[in-house]
Structure formats: C-alpha cells, structure tokens
Amino acid sequence: MKKVLVGYGIDVDAVARWIDTKDGSRADPVEISRGMFGALVGIDRLLKLLATYDIKASWYIPAHTIETFPEQVSRIMEGGHEIGLHGYSHEYVSHLSERQEREVLQKSIEVLTSFSGRKPSGWTAPAFTTSSRTVHLLEEMGIQYDHSFMHHDCQLYMTPYSDYGAVPTAYQGAHNLSRSAAAWMKRMPNPEVSSLVTVPANWHLDDWPPFCPGDNSSNGFIDPYVVERMWKVHFEYCYEEYNEFVFPLSIHPQISGKPQIVKMHQRLIEWINEFEGVEWCTFEEMVDRYKQGLISGYNVIKAMGTNEEIIPTHRR
Ligand SMILES: [Zn+2]
C-alpha cells in the first residue's frame, strides 16, 4: 500500500515581491498592480479551487502582505489553512546582514503570530535563497520546519546546517591570481543536522519559472499542458519508485490565479486523486507525520557516509 502526502505551498508574495528591488531602485507600478491582482483576485480563486476538493494548503505570507491585505488573509485563515513565514517584504535572505536577517524574522514572526493567534511553525525562503546562518536562526526562533532546501525531491528529511565550509573556487582578479590553488582544493566537510525538518522545495514543481512573464528567472509563456505533463511524470516516477513519498507543489496566487492555470490545477488534482494511498495535507501535517514516524524520509548525513577527510578509494 502506497503512502503519498500531497500538498500545496502557496507563496502570497503579492506586492512584496515587486517592491523588493534589493538596491532601492524604484518599483514599477504595473508590477505592483500584478501583485495586487494576486492578493485581490488570485487568493479567492485559489481558495475556491481548494474548497472544491476539500484541500487544506500551506500559505507562506510575507508580513507586508498581511499588513496590506488583512481581509484577504483573513479569508485564508477562515478556510482552515496553515500560514507560514515568507519574509517581511520578500527579502532575498542571501543578500542580508545577520542583523537584518534577524530583524526580518523577528518582525514577521510577530506579525503572523498576532494576526493568527498562533506562532507559525514553517518557513519558505523568498525565492528559495537562504544565508549560511538561516537554519541556526530559524532553530533559535523556534521554527519547526523549512520549505526551501533541495537535498531531495520527494522525501522529508532533517535539515542540515548550511555553514559547512564549502570553499568557493576563487582564481579571477589580480589578487586571486597570486593565490595558490591549494586554497580552494578541499573536500566539503559533511554537514551536521539541525532539529528542523525540510519539506523539499523544487524549482520544477513551482509555477513561477514557467508562468511569470517579464521576470529574469522565468520564461512566462509555457503551455500549461506542458507543465501539467511534467508534474504528472514526476509524480508517476515517484509512485513507481517509492512506497512512501511527498509531492509538495509551490505556487503563487498572482500566477496560479490566472484562468488557464486554475484549470490546470483542477485537472492535476483530479488526476492525482485517482491514485491509491494519496492524501492531501498541509506541510505542517507532513512534518508532524514524519516526526511521529508515520511516513519515512531521507537522511542526508547517512547518505554522505563518514566524515573522513579523504574519500575511501572504493567510493571515489
Ligand atoms: Zn515568494
């Protein structure tokens, strides 16, 4: 008997995604209107879709979205969904100082907690970028799980710390040319594991790259049937190869709230529901089941083997 946990992680980036210009350059009012569409139109379309199939999802909401669109976010809460962290204004964490990263986390935990009456347990990194400090900070602030890392694509696992000392290869530039190559020719030490669980993120199970026009990281004009087929093939492979797995999708109201993509989700949900052993749940529920031993997962540390400096000959 298969055991498959399927769920939607919904990033309500709204306006926050577009006013985070990183360098303070002016945000484009039309981009802001796309964000407003997400909050004002997209959320309700997705809520209706999920209600039709009685699916509870995990909504990762920048605190800026909650403060700007409280009515829409209230409707998410009323639908019985989970809400989780996604920065204040969708800050790219890899660009922040430690102080800024800490301030953003504290403020967004505060806003989500006072809005929902409950401390959030999950976090998704805006644009799936983290710093090497992030896992430590999330742990320090009592967050239970992450949905950003990509060590696996269909198994839950304990999140490794990411300050494991991988040495960047640096030989360009006048200064670096005088360096010895010995400076970077070092094996990456094995990471240590944190108390967080990762619900794996996956760019190939995300609606932004194929469907968001005018953004550097995306194409924007992929036929929804192409993406639907790709997601189905991913699911089929996992169903054939694993007795137990998770299928976490990442979507955005300003993208998946478009008519042609809502229809794609309808078809996908109905197709997935034909498989035996499938259960839709929030990411928080996936993590709870994993911690209780009700679904198996992956172990990054075990997979990497011993922490020897030199890799044994037979495993080279
Ligand atoms: Zn986002």
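Met 158 makes contact with Val 193, Ser 194 and Val 197 once its neighbours within four places in sequence are left aside; two residues are in contact if their C-beta atoms, placed from the backbone, lie within 7 Å. The model is predicted, and local features need pLDDT of at least 70, side-chain atom pairs count only at pLDDT 80 or more, and totals for chains, interfaces and linings use all residues. Residues are numbered from 1 along each chain as its sequence is written. Met 158 is part of strand 6, residues 157-160. Helices (H or I, at least four residues) and strands (E, at least two) are DSSP runs numbered from the N terminus. Within 10 Å of Met 158 there are 17 other C-beta atoms, so this residue is partly exposed. A residue is buried if 20 or more other C-beta atoms, placed from the backbone, lie within 10 Å of its own, exposed if 12 or fewer, and partly exposed in between. Lys 186 is 28 residues from Met 158 along the chain, and their C-alpha atoms are separated by 25 Å.

A UniProt record (unreviewed entry) assigns residues 28-281 to the feature "domain: NodB homology"; such annotations may be inferred rather than shown by experiment, and the positions are in the numbering used here. In the model, the span of residues 28-281 is 43% helix and 13% strand. A distance of 36 Å separates the C-alpha atoms at the ends of residues 28-281.

Two helix pairs were examined. The axes of helix 9 (residues 224-241) and helix 11 (residues 259-272) cross at roughly 25° and come within 10 Å of each other. Axes are lines fitted to C-alpha atoms, for helices over the stretch in contact, with angles from 0 to 180 degrees between N-to-C directions. Helix 9 and helix 11 are therefore roughly parallel to each other, a term for angles under 35 degrees. The crossing of helix 9 with helix 11 is right-handed, meaning that the near helix is turned clockwise from the far one by less than a right angle. On the helix 9 side, the contact is made by Pro 224, Val 227, Glu 228, Trp 231, Lys 232 and Phe 235. These residues meet Gln 260, Ile 261, Met 264, Arg 267, Leu 268, Trp 271 and Ile 272 of helix 11. The contact of helix 9 with helix 11 comprises 9 nonpolar, 1 polar and 3 charged residues, where Ala, Val, Leu, Ile, Met, Phe, Trp, Tyr, Cys and Pro count as nonpolar, Asp, Glu, Lys and Arg as charged, and the others, Gly among them, as polar.

The axes of helix 2 and helix 4 (residues 70-78) are 10 Å apart, and the two helices pack at an angle of about 10°. Helix 2 is therefore roughly parallel to helix 4. In this pair, Ala 39, Leu 40, Ile 43 and Leu 47 of helix 2 meet Gln 72, Arg 75 and Ile 76 of helix 4. By class, the contact of helix 2 with helix 4 has 5 nonpolar residues, 1 polar and 1 charged. Pro 70 is also located in helix 4. Pro 70 counts as exposed because it has 11 C-beta neighbours inside 10 Å. Pro 70 is 31 residues from Ala 39 in sequence, and the pair is 9.8 Å apart in space, C-alpha to C-alpha.

Phe 235 of helix 9 is also among the residues touched by Phe 247. Phe 247 belongs to strand 8, residues 244-251. With 20 other C-beta atoms within 10 Å, Phe 247 is buried. Phe 247 and Gly 277 are 30 residues apart in sequence, with 13 Å between their C-alpha atoms.

Ser 121 occupies the loop between helix 5 (98-116) and strand 4 (122-123). Ser 121 counts as buried, since it has 20 C-beta neighbours inside 10 Å. Ser 121 touches Ile 143, Gln 144, Tyr 145 and Glu 284, not counting residues up to four places away in sequence. Glu 82, 39 residues from Ser 121 in sequence, is 9.1 Å from Ser 121 in space, C-alpha to C-alpha.

Most residues other than glycine have a negative phi. Ala 14, although not a glycine, has a positive phi of about 45°. Ala 14 is in the loop between strand 1 (3-11) and helix 1 (16-19), and with 32 C-beta neighbours inside 10 Å it counts as buried. Asp 54, also not a glycine, has a positive phi of about 55°. The loop between helix 2 (29-52) and strand 2 (58-61) contains Asp 54. Asp 54 has 8 other C-beta atoms within 10 Å and is therefore exposed.

Terms used:
Parallel < 35°, antiparallel > 145°, perpendicular 65-115°, else oblique.
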